[in-house]
Amino acid sequence: WYGFNCGSTLQISDGMAQVAGKVAVTTTISAASGCLMATLISRIFEKTFDIGIALNGILAALVGVTAACATINPWAACIIGMTAAWIYYGAHCLLLRLQVDDPLDAFPIHGCCGAWGLLSAGIFCTDENVFYAHSTSAAAPTGTCKSGEQFGVQLIAVLAIATWSVVLSGTTFWIMKVTVGIRVPSDVENEGLDRSEHGGQAYATSFRIGGQSPLGAGAHGHGKVHPVQDALSRGGSEKRGLEAPPPSSITVTPVQNSDAADKGWGLSPAHGQEAHGQEAQQQAQPRKSITIGE
């Protein structure tokens with residue numbers, strides 16, 4: 001992103017190196033502000049410090065500051081980044097409520113925060129900064145930022161881009177739907193396209209319980225069942241499409257009166273494997289279960 005924003009000055013002579021340096025500052029401030037705000041948001045609403053939300057907060061803030069990075073003051077970059085984090089998380093939750101499949105949060109980050117970035121360029125730009133960043137002549141600033149004209153231009157750009165994208169994408173997907181189709185069978189969805197299309201598995205779902213990794217190398221955490229927490233906090237197995245246990249898997253079920261099993265979660269054996277930890281053997285009637293395979 002530094003190469004993109006700073007490199008967009010296209011030269012280092014005639015004072016443009018100073019412009020590139022300023023762009024690096026505004027880009028950094030926005031990204032850091034977005035990360036901190038997204039981390040705070042995840043703590044408030046998700047009850048945990050979610051690294052995924054924090055990193056997406058950085059991306060959201062970078063998208064938000066790109067249009068304005070050369071024409072704003074550093075304090076404005078902080079506001080842009082923090083606002084982008086809220087916009088990202090709000091759009092993320094809206095898509096979940098609408099049951100729109102966007103596992104990478106591409107639309108919240110690049111769509112919604114991209115629109116915010118265009119608008120923020122008209123809100124926070126100053127005529128002096130525009131002149132400093134773009135003018136190669138002795139002409140005085142035109143006053144378009146102060147008068148609000150630039151914001152109007154940015155708003156028209158947002159509407160034009162949104163209209164073009166919706167019409168072109170909608171037409172393309174409709175043609176695909178009535179010809180070759182745009183969905184795979186439900187069993188392929190549950191298994192994952194990585195396996196059906198590429199013959200492999202993209203993600204390892206191993207974890208540690210009490211310092212041991214039941215599923216082998218690649219586990220993480222310190223007595224935490226992080227993949228399970230993530231799945232349940234976002235709706236459980238019914239949203240994640242986690243079906244019957246494959247070979248060499250373990251089933252995670254809720255248990256009561258367990259302090260070490262990560263606030264009520266323990267392991268039950270599946271396919272002959274042993275449960276790890278004393279608390280995992282003290283299982284009550286499970287309210288919900290979820291299986292994670294190798």
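Predicted model: local features only at pLDDT ≥ 70, side-chain atom pairs only at ≥ 80, totals over all residues.
Start by selecting Cys125 and Cys145 and showing their side chains. The two form a disulfide, with their sulfur atoms 2.2 Å apart, and the count for the model comes to one disulfide. Look along the S-S bond of Cys125 and Cys145: the torsion is about -120°, so the disulfide is left-handed. Cys125 sits in the loop between helix H5 (106-124) and helix H6 (127-134), while Cys145 belongs to helix H7 (residues 144-147), so the bond ties together parts that are 20 residues apart in sequence.

Next, pick Cys69. Cys69 is in no disulfide, and the nearest cysteine sulfur, that of Cys6, is 7.4 Å away. Cys69 is buried too, at a relative accessible area of 7%.

Then hop over to Cys112. What is the closest cysteine sulfur to that of Cys112? The one in Cys113, 6.7 Å away and too far for a bond.

Now for the rings: the count comes to four aromatic pairs. Select Trp75 and Phe124. Their ring centres are 6.1 Å apart and the planes sit at 85°, so this pair is edge-to-face. Trp75 is in helix H4 (residues 74-98) and Phe124 in helix H5, so the pair ties together parts that are 49 residues apart in sequence. Bring the surface back: is Trp75 buried or exposed? Trp75 counts as exposed, at 53% relative accessibility, whereas Phe124 is buried, at 15% relative accessible area.

Last stop: select Phe45, Trp86 and Tyr89, which ring pairs link into a cluster.

Notes. Residues numbered from 1 in each chain as written. Heavy atoms only, no water. Disulfide = S-S within 2.5 Å. Helix = DSSP H or I, 4+ residues; strand = E, 2+ residues; numbered from the N terminus. Buried < 20%, exposed > 50% of the residue type's maximum accessible area, 1.4 Å probe, protein only. Phe/Tyr/Trp six-rings, centres within 6.5 Å; stacked < 30°, edge-to-face > 60°.
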